[in-house]
Amino acid sequence: MSGTPRGEADEAFAQLAAFISEIPMLPWFAAAGATLTPSAIADAESYVAALGLAPCPVAPVAGWRAAADIAQRPDWSRDWWHAESAHEKALHRRGAARFGLAPLLAALTDVTETAAVLRDRAADGLGRAGVDDEALAKVAGGAAAQACHQQALALLAGSDAGRAFGAKYALFAAGHWPLGIVGGTCFVF
Amino acid sequence: MSVAAAAPIKSVDALKAAPEDYQLAVRKIIRSHAVNELYGARVYDEPAIALAPTPYLKWLTCRIAMEEYGHHVRFRQLGEQMGIPEAELTPEGRKPLSIFEFPLKTWEEFCVVKLLADLAEIIQVEDLMKCSFLPLRNLAKMTMPEEIFHSQFGKDTCTELVKTAEGRKKVQAAIDHYFPMMPAFFGKKDSANNALYRKYGIKQRTNEDMRADFLTRVRNLVEGHLKLKLPEVAEAA
């Protein structure tokens, strides 16, 4: 562990272990298409603000087909995606400085391996909606796994810069799928 | 008489009683798959996430990268059970295929890699689905549905891309770049390794046979379906 007191490292990795064990227990995609609660809207607003982006309306998405269409629209916000990538890189640097690159990568690999099951959870959600679409199950599973990766980075970096990913993960943990900013609107399925 | 003709080998424990050259042959195949699945995920699938043109395709590519990594994990776990040193199951310890030496620059290249390289992988895995070493046969059966999806992804995305003149040009350029490396993927003609694999029923087909099958199937895809040109290449490696 590079430059980090043993106790602090133990605490961070214990926190990460708890996070990983929680992943299979959450109601992934169970609230997809449901009305957005004030709490979900607040999480979406916090997510956008913490990425350093201008406030924008938060809108629900009615169904899986509509979610797939939104995720393929050409007017998606490059600023949103780049802001996420910049935050990821900053957190990665900080995590590597705290614990060393190899332990960081090993921890992130554990997260990725656990998150592999999320395609199945997405397929369950699609099945409940009567939609048979393997590609969309993989898309949703990929988005959820990316959110797990980002939240793990935030936990290991132990930095305020991880707030955006905390808010995004809270949406997934509540059963939604945040689709990002498209056409100036933050869509939450 | 071959081991396959005598009896399949049902477990890693049973493998210990197999002839030494049978064990070595199985180790070679597992090492190769473990190394190349991981290296492919690193040099193609992960970089392609940034190149994908929509969030839908970025997340789908993210999932594909995870699945390719997952294939590495499964081959690595089997290798570890067989006592193969961990270092020999990663690209750091073993030289990967030469196709991986050409870094990805565009989304079109990624789609073509999935179209070509994943079809080549399917042909290899199809052969292992009749493998005399049952843990390897089972692994091939487990990974095959995902390999088929990846190859179909390559076909679907290339089909979309060639609908525009600019897309056709870029897909053709990527095929011209990557296709000449593909025949070597199947190994040398009259390969001693391949003869050993067939002697024991670990593999069923010669390198030449699999290469010819690949060339037929890829020609149907590229010239028959996409209406593009497949470059001329030397068919024998």
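**Figure 1. The largest nonpolar core and its most connected members.** Among the 123 residues of the largest nonpolar core, those that touch the most other members are A:A144, A:L179 and A:V188. Such a core is a set of buried Ala, Val, Leu, Ile, Met, Phe, Trp, Tyr and Cys residues joined through C-beta atoms within 7 Å. A residue is buried if 20 or more other C-beta atoms lie within 10 Å of its own, exposed if 12 or fewer, and partly exposed in between, with C-beta atoms placed from the backbone. Helix α7 (residues 134-157) of chain A gives the most to this core, namely 15 residues. Helices (H or I, at least four residues) and strands (E, at least two) are DSSP runs, numbered from the N terminus. The model is predicted: local features need pLDDT of at least 70 and side-chain atom pairs count only at pLDDT 80 or more, while totals for chains, interfaces and linings use all residues. Residues are numbered from 1 along each chain as its sequence is written, and chains are lettered from A and ligands numbered from 1 in the order in which they are written.

**Figure 2. The surroundings of A:A144 and A:L118.** Contact denotes two residues whose C-beta atoms, placed from the backbone, lie within 7 Å. With neighbours within four places in sequence left aside, A:A144 is in contact with A:W28, A:A115, A:L118, A:A122 and A:F172. A:L118 belongs to helix α6 (residues 118-128) of chain A. This residue counts as buried because it has 28 C-beta neighbours inside 10 Å. Under the same exclusion of neighbours within four places, the contacts of A:L118 are A:W28, A:G141, A:A144 and A:A145. A:W76 lies 42 residues from A:L118 along the chain, and their C-alpha atoms are separated by 24 Å.

**Figure 3. The three-stranded sheet of chain A.** An open sheet of mixed pairing is formed by three strands in the order β1-β3-β2. Its edge strands are β1 and β2 of chain A, each pairing on one side only. On average, neighbouring strands are turned by 25 degrees against each other, direction ignored; axes are lines fitted to C-alpha atoms, for helices over the stretch in contact, and angles run from 0 to 180 degrees between N-to-C directions. Two strands pair if DSSP finds at least two bridges between them. Strand β1 (residues 58-60) of chain A pairs in the parallel sense with strand β3 (residues 185-188) of chain A over three bridges. Within β3(A), A:C186 is the bridge partner of A:V58, and A:F187 is that of A:A59.

**Figure 4. The hairpin of β2(A) and β3(A).** Strand β2 (residues 178-182) of chain A pairs with β3(A) in the antiparallel sense over four bridges. The bridge partner of A:G180 in β3(A) is A:F187. Two residues lie between the strands of this hairpin, and A:G183 in the turn has a positive phi of about 60 degrees.

**Figure 5. The side of chain A that touches chain B.** Here 19 residues of chain A are in contact with twelve residues of chain B. At least two residues each are supplied to this side by α3 (64-71), α5 (101-115), α7 and β2 of chain A. The most come from α7(A), with nine residues. By class, this side has nine nonpolar, six polar and four charged residues; Ala, Val, Leu, Ile, Met, Phe, Trp, Tyr, Cys and Pro count as nonpolar, Asp, Glu, Lys and Arg as charged, and the others, Gly among them, as polar.
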